[in-house]
Amino acid sequence: MPLQLRASTSHTHNKRGSQPSTIVIINDATTKGGSAISTTTCRLRQRVSFASIGIILVALASHISSSSPSSSSSTNLTVPQNQDDDAQPVFWLQGLPVQQQQQQQQQQQQTNNHTNIQWQCSCDDSFSKRTTSGGLVDATAFQPDAKLGSPEYLQTLSKQLGLNLTLANPNGYLNWHRPTPLQLFSGNLPHQVTGFDPVCNQPDVFQSHDAWFRDSLTSQDCRTPPRERALAFCLANLLPDFGQAQRVHESSPNNFGLSAALQRLFGKERYQASQFSPTIPCGQPIPHHGNEISINLEDQHCLEDESLDFVVSQDVLEHIYNANAAFAEISRTLRPGGFHIFTVPLTSKRTGTFTAARRVRAGGPTPTVELYAPPEVHGNPMANAGGSLLTHQWGYDIVAHIANATGGDMVPTYVINVESRALGIYDAEYREVLISRKKGVNPNLPNLWNRLDALVSSSSSKRRGGDGDGGRDSVCPSHNGMLQCTAEPAIQKESSAIS
């Protein structure tokens, strides 16, 4: 069934919002409004073939969860073997249409012969505290060039973006500083490694000619950056029932990589892509953009209440002016038990969120925007948009923003950091994946959260002495609710004969 749009729209155009390109964000122990930050598991290890983590393998199948291993289904299952005493057997959903199962079994066998992976998640916030780690080195601190605040430069950039850019303080960016130094790969370039892309579900080569791996360490065939591969890993392994969703909305997708995989997976009837256009009314088609429609995340009045099972955005929310409105609208359009899964650059990890640009006048053909930081412009899928202005330098306090903006409806927010050379997710900044969960139960996805809940319960019960109550009131409290996941080729233990 296609995405539900409201029958009438009284607006002739959207408010000037952000130019999405991905999404956002992150977590903090100091959430307000009763927001709980969940993460998961101390010492749960699982072994599974690479093919089992491909996004395309996860949908269109009967539900099987880690909490109900006896569920019946026509879906193929791989039951990992325990690697140590802490390991727990987990069913891996390989959801494929019946007519494709035979072909997939052959591909699965070939992949199994290639290599297997073992993934582990634990309560850990060490990644949020690092200064440098692994192959990363701090880049030279960025100092804004004087021209970034000059009238001539702002006039040129204003014309490019279709905005009226002004300095919030005539004396410059007095209150701004980049709280987290940019970290770059310190090894030799070009850098190349062979691994497995969980988006396209195939072996691939990850290569970069640039030390900024977040954008440049892409897979040659699938064309995915590390953050997309991390998001794919989380969907396929932590939310294995996501493919049963009936209505999915992705904001500002690309036409390749993860966005293309989701579109193939759900088809036109269940997947709706949108872009922001200030001149096209909400819900109306965007010319020359396929099936994409115009939606401003700040004002999604053309979408029905509780009409979506989940929302995807990748590096979008750092370009939204009124982020609280966007969070509230996402919550409104989600069914109870639905979720928003997204990425965003967390550039204020060590301090708190900083507003880099504020819209002070939305009316008229040219909105006025005040700058509190040197203007930073990112790419935009809308070719004629001129780019997307950075509006927020998000910190881990974004979880509090989400909880407060939604009246506590979007809690908890899981913050997940994936580290995996096998999947090409390493030495890349700002790769955290966030999953905001709406309260309630989704009839389309009744068992969606079984695996994450099992991870959290396992972690908490072990920490509380195994009393069996799950410890739901105390999830990774000493680690700010953060979850560290690793995925690497499994090393088989050799059996020894007992004489």
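Which residues of H5 are buried? In helix H5, the buried residues are Gly257, Leu258, Ser259, Ala260, Ala261, Leu262, Leu265, Phe266 and Arg270, where buried means under 20% relative accessible area with a 1.4 Å probe and protein chains only, exposed means over 50%, and partly exposed lies in between.

## Basis of the model

This is a predicted model, in which local features need pLDDT of at least 70 and side-chain atom pairs count only at pLDDT 80 or more, while totals for chains, interfaces and linings use all residues. Residues are numbered from 1 along each chain as its sequence is written, and side-chain values use heavy atoms, with hydrogens and water left out.

## The chain as a whole

The chain has eight helices and 24 strands, taken as DSSP runs numbered from the N terminus (helices H or I, at least four residues; strands E, at least two). Of the 499 residues in the chain, 58% are buried. Among contacts between residues at least 6 apart in sequence, 75% join residues at least 24 apart, a contact being heavy atoms within 4.5 Å.

## Helix H5

Helix H5 covers residues 257-270, which makes 14 residues, and reaches 18 Å from its first C-alpha to its last, close to the 20 Å expected at 1.5 Å a residue; the expected span is 1.5 Å times one less than the number of residues. A kink of about 60° is centred on arginine 264 of H5, the bend at a residue being the angle between axes fitted to the seven residues ending there and the seven starting there.

The buried residues of H5 pack against helix H4 and against strands E11 (248-251), E12 (271-275) and E14 (308-314). Threonine 224, in the loop between E10 and H4, counts as buried because its relative accessibility is 0%. Apart from neighbours within four places in sequence, threonine 224 is in contact with Asp197, Val199, Leu217, Thr218, Ser219, Arg229, Gly257 and Leu258.

## The largest pocket

The largest pocket has a volume of about 630 Å³. On a 1 Å grid over the protein atoms alone, a pocket is an open set of points with protein on both sides within 12 Å along at least five of seven lines, and lining residues have an atom within 4 Å of a point; grid points are joined across faces, edges and corners, and the volume is the space filled by probe spheres set on them. Of the 29 residues that line this pocket, Trp212, Arg214, Asp215, Arg227 and Asp315 are the closest to its centre.

At least two lining residues come from each of helix H3 (213-216), strand E10 (218-219), helix H4 (226-238) and strand E21 (392-393). By class, the lining divides into nine nonpolar, 11 polar and nine charged residues, where Ala, Val, Leu, Ile, Met, Phe, Trp, Tyr, Cys and Pro count as nonpolar, Asp, Glu, Lys and Arg as charged, and the others, Gly among them, as polar.

## Backbone details

The peptide bond from leucine 189 to proline 190 is cis, with omega near -5°, and proline 190 is found in the loop between strands E7 (183-185) and E8 (191-197). The bond from valine 411 to proline 412 is cis, with omega near 0°, and proline 412 is found in strand E22 (residues 410-419).

Asparagine 201, in the loop between E8 and strand E9 (202-208), has a positive phi of about 60° although it is not a glycine, and counts as buried because its relative accessibility is 17%. Aspartate 427, in the loop between E22 and strand E23 (433-438), has a positive phi of about 50° although it is not a glycine, and is buried, with a relative accessible area of 6%.

Definitions and conventions
On a 1 Å grid over the protein atoms alone, a cavity is a set of points where a 1.4 Å probe fits but cannot get out, and a pocket is an open set with protein on both sides within 12 Å along at least five of seven lines; lining residues have an atom within 4 Å of a point.
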